[in-house]
Amino acid sequence: MDVFNAVIQVLDSTVRLSVPLLLACLAGLYSERAGIFDIGLEGKMLVGAFAGAAAASVFHSALLGLGMAILISVAFALVHGFASITHRGNQIVSGVAINFIAAGSTIILGQAWFQQGGRTPALGPGERFDAIVWPGADAVRNVPVIGPIYAELISGHSILVYLAFLMVPFTWWVLFRTRFGLRLRAVGENPAAVDTAGISVAWLRYRALICTGVLTGVAGAYLSMVQNGGFVKDMTAGKGYIALAALIFAKWKPVNAMFACLLFGFLDAAAIRLQGSPLPIIGKVPVQFMQALPYILTVILLAGFIGKAIPPRAGGVPYVKER
Amino acid sequence: MSTPYAKLPAWADYGLIPLINLLVAFIVAGFVVVLVGENPFRAAIILVEGAFGKGTGIAFTLFYATTFIFTGLSVAVAAHCGLFNIGTEGQAYIAGLGIAIVCLSFDTVLPWWLTFPLAIAASALVGALWALIPAYLQAKRGSHIVITTIMFNFIAASIMVYLLVGPLKPAASQAPQTRNFLAGAELPKLNWIIELFGAKIRSAPLNVTFLLALVMAFLVWLLIWRTRLGYEMRTYGHSPKAARYAGISETRIIITAMMISGALAGMMALNPVMGDQHNVAIDFVSGAGFVGIAVALMGRLHPIGIVLAAILFGMLYQGGAELAFEMPAISRDMIVIIQGLVILFAGALEHMFRPYVQALFASFNPRSVGMEAVKEKGA
């Protein structure tokens, strides 16, 4: 029974840890499918986290916080668009720039506005998204096997967790069952064809980036308003890059993205859980190895040893209309 | 675009446009200072005074510049070959391991002038090897170098943390770093050069690595513009197709360029490790690899430009420290914003102002931007 409870706990934290990855990964999916590389997921999450926590604590409203997180994150996405779509700049350079501006400005503004060493004030009740307890969760808690699964795994998360997982089928539907999705995928594969059909490549790509901004905003809000109850400097801590890795790992497909993020979330949860305690057979695994595993796996995948990851064909190439 | 797509005079291309981009980056940074509630002009004065006002300030500025010359050159060499090496940070970090091995083995037996060349070789070798794998994967397996080098940054960080809290840490110590190096691995300071000019220096870590950086800048210039290999790299960077047609081996050129880039990144570690801290500590690179991206872009991938841009960023680092002292609201993280803005305006948006500059030139002197040819065609 102890083992079972431990497994449930690890899975529960897997879900919690994979949510920001999943949101950021789906965010990246929209822009990369439209042919815009986005190294700046990390930075957009960070400004989202900061704006969310700051607005929530100033206006005492979680919803306003979420709104502000999305707004600021979209603004940063539009800067990326301005540089890489309108001015046909290098998308990777632009993404790197956004990450730096985000990292610096959240600390500077946080310190100037709240004077707590780059933190925002701790969020009180009503300023953060609380866990939703599903009906009957407490009643079934003691039922063996099903009880803990229902009470711990399924119930008791915040609304953003459910939203993140609902975004998976929604994104699939948008990409593969709507006209917008068809065009979005087309613009990532062959923008000239889309242009010939009389559709604006630039406007389509801008819309994809707005989707990206919205989702990274929610991802940031989750970090600072659900997981942590306040903004801490550099709180994304490379999650944007792991999400990027997950996106490649998922071969740019929404459902795969969910499984990739759950896998990387599980590795993280297991690393925290195992911290120093030896595993059967393998022996003691260094925490650092577990932390590096998502990156190692992605490199192996990229090298083509586990299937082949083929990015959208027009990815990273600015579209120049024939003149 | 209505403006003719024509060449600007070289001084405008290499001087004026980067200057405009830089100016815009600083104006936007000034707005951030205003948002924080301070006076941007006073901030700028404190910053420049802090960097160049006193001898100690100048020495610190050049110390930071040394680091950025290496990382800037590293990014530039790869960029000339059309490769974006975002892994400078990780290559420099892991090169600390090579330096640690050399210094911990020889600092008791050899004098610094024998340890130094060994450490240079070790840092360059380790840095180059860390760049080799992403390069090989790009050349042979087609995996995107940007993504693999990012992944390798994180893997390098994990390895270094593992080693520095474990095997490399002296048993008696709590801090995650190697033991302090002895005199045999401490590089001599260069502060006397500045003192020759009459300035007083209390203590500053400027050391002989600065000269090594300048030599490397010269060698990179030689490599890129005066050797066959450099020519091949630039050809590949301009057009991989043309390079292939000319019989240049894609695999060889990618791997060579990335290994040189990695070696330069690795040498960066010499400056803080052997010149200043005298140990290898966790996160000793602290973002210098990423500053290299800004430096390379601002220096327009030319060694002279890179040295100047590195001194500018050295000034920002040193002056920024003084600024944080005078204006507590502006911590050193302000530099990170400026760095981001410089990358944005000098890198991603480098062509934003070009049409305007071209139009301006055309209105003064049509011939200088090739307007004549356009008009003739029109007539």
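**Reading salt bridges and aromatic pairs**

Modeller: Start with B:Glu250. At 28% relative accessibility, it counts as partly exposed.

Biologist: How is "partly exposed" set apart from buried and exposed?

Modeller: By relative accessible area, found with a 1.4 Å probe on protein chains only. Buried means under 20%, exposed means over 50%, and partly exposed lies in between. One caution before we go on. This is a predicted model: local features need pLDDT of at least 70 and side-chain atom pairs count only at pLDDT 80 or more, while totals for chains, interfaces and linings use all residues. Residues are numbered from 1 along each chain as its sequence is written, chains are lettered from A and ligands numbered from 1 in the order in which they are written, and side-chain values use heavy atoms, with hydrogens and water left out.

Biologist: Which residue forms a salt bridge with B:Glu250?

Modeller: First, the rule. A salt bridge needs a side-chain nitrogen of Lys or Arg within 4 Å of a carboxyl oxygen of Asp or Glu. Here the partner is B:Arg244, and the closest N and O atoms are 3.1 Å apart. B:Arg244 is partly exposed, at 46% relative accessibility.

Biologist: How many salt bridges are there over all chains?

Modeller: The count is 7. Now look at chain B. The side chains of B:Arg252 and B:Glu232 form a salt bridge, 2.6 Å from N to O. B:Arg252 lies in helix H11 (residues 250-268) and B:Glu232 in helix H9 (residues 228-238), so the pair ties together parts that are 20 residues apart in sequence. B:Glu232 is buried at 9%. B:Arg252 is partly exposed at 40%.

Biologist: What counts as a helix?

Modeller: A DSSP run of H or I, at least four residues long. Strands are runs of E, at least two long, and numbering goes from the N terminus.

Biologist: Which residues are linked with B:Arg252 in a network of salt bridges?

Modeller: B:Arg228 and B:Glu232 join B:Arg252 in that network.

Biologist: In chain A, how far apart in helix H1 are A:Arg16 and A:Asp12?

Modeller: They sit 4 residues apart, about one turn of the helix. Their side chains meet in a salt bridge, 3.2 Å from N to O. A:Arg16 is partly exposed, at 31%. A:Asp12 is buried, at 10%. Helix H1 covers residues 2-33 of chain A.

Biologist: What does A:Asp12 touch beyond four places away in sequence?

Modeller: Contact means heavy atoms within 4.5 Å. By that test, A:Asp12 touches A:Glu152, A:Leu153 and A:His157.

Biologist: How is a pair of aromatic rings described?

Modeller: By the distance of the centres and the angle of the planes. Rings of Phe, Tyr and Trp (its six-membered ring) pair if their centres lie within 6.5 Å. Planes under 30 degrees apart are stacked, over 60 edge-to-face, and the rest tilted. The whole structure has 17 aromatic pairs over all chains. Take B:Tyr64 and B:Tyr317: their centres are 5.7 Å apart and their planes at 50 degrees, so the pair is tilted. B:Tyr64 is in helix H3 (residues 55-80) and B:Tyr317 in helix H14 (residues 303-326), so to speak distant parts of chain B, 253 residues apart. Both are buried.

Biologist: What kind of pair do B:Phe68 and B:Tyr317 make?

Modeller: With centres 5.0 Å apart and planes at 65 degrees, the pair is edge-to-face. The pair again links helix H3 to helix H14, 249 residues apart. B:Phe68 is buried at 2%, and B:Tyr317 at 15%.

Biologist: Which residues form one aromatic cluster with these?

Modeller: B:Phe60 and B:Phe63 cluster with B:Tyr64, B:Phe68 and B:Tyr317.
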